[in-house]
Amino acid sequence: MIIEIDFNSDEALYLQLRNQIIMGIATSQFHEGDSLPSVRQMADIIGINMHTVNKAYTVLRQEGYVKVDRRKGAVIAIDVDRIRTLEELKKELQVILAKGSCKNITKDEIHELIEEIYADYM
């Protein structure tokens, strides 16, 4: 997987990296048990500070996407806590849908967007 970081974005670099890895899991570019590059390797590959990579890996671990193995480093380990994940998605979607509502985006348009985006993950 190619990690693309936008250094001109307002989004924090560690969040961009986190999001890229989550997208890689969702699109099956990363699979359960795959090792991510070491913090040092990832920092060198994408040209960012090791502390930034470490922060992204820490957030991914806290969110249940990776586990840290002493020998393998950061390993994809998807948390199966569906109820917690559904609650988190609900909170995020409430804000996204409110934004759409403010801009007169219809329910049908939202459904079309979801179907279009979700097709990339199946």
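The pockets, up close

Tutor: The lining of the second largest pocket is made of seven nonpolar, four polar and two charged residues. Here Ala, Val, Leu, Ile, Met, Phe, Trp, Tyr, Cys and Pro count as nonpolar, Asp, Glu, Lys and Arg as charged, and the others, Gly among them, as polar. Before we go on, keep in mind that this is a predicted model: local features need pLDDT of at least 70, side-chain atom pairs count only at pLDDT 80 or more, and totals for chains, interfaces and linings use all residues. Residues are numbered from 1 along each chain as its sequence is written, and side-chain values use heavy atoms, with hydrogens and water left out.

Back to our pocket, then. The second largest pocket holds about 160 Å³ of space. Its lining has 13 residues, and those closest to the centre are Val39, Tyr57, Val68, Gly73 and Ala74. If you want to see which elements give two or more residues to this lining, look at α3 (50–62), β1 (66–69) and β2 (73–76). (A pocket is an open set of points on a 1 Å grid where a 1.4 Å probe fits, with protein on both sides within 12 Å along at least five of seven lines, and lining residues have an atom within 4 Å of a point. Helices are DSSP runs of H or I with at least four residues, and strands are runs of E with at least two.)

Now for the largest pocket, whose volume is about 1,500 Å³. There are 32 residues lining the largest pocket, and Ile22, Ala26, Tyr65, Leu89 and Tyr121 are the closest to its centre. By type, this lining splits into 20 nonpolar, four polar and eight charged residues. Three helices, α1 (13–26), α4 (82–102) and α5 (107–118), each supply at least two of the lining residues. Among the contributors, α4 gives the most, with eleven residues.

Let's follow α4 past its end. After α4 comes Asn104, with a positive phi near 60°, even though Asn104 is not a glycine. You'll find Asn104 in the loop between α4 and α5. With a relative accessibility of 67%, Asn104 counts as exposed (buried means under 20% relative accessible area, exposed over 50%, and partly exposed in between, with a 1.4 Å probe and protein chains only).

Ser28 sits in the loop between α1 and α2 (39–46). Its phi is positive too, near 60°, and Ser28 is a residue other than glycine. Ser28 is partly exposed, because its relative accessibility is 42%. Gln29 belongs to the loop between α1 and α2 as well, and it counts as partly exposed, at 44% relative accessible area. Gln29 is 28 residues away from Met1 along the chain, yet the C-alpha atoms of these two are separated by 6.3 Å.

The protein chain has five helices and two strands. Reading from the N terminus, the order is α-α-α-β-β-α-α. The C-alpha trace spans about 50 × 35 × 20 Å along its principal axes. Of the 122 residues in the protein chain, 25% count as buried.

Key: Points joined across faces, edges and corners; volume = space filled by probe spheres on them.
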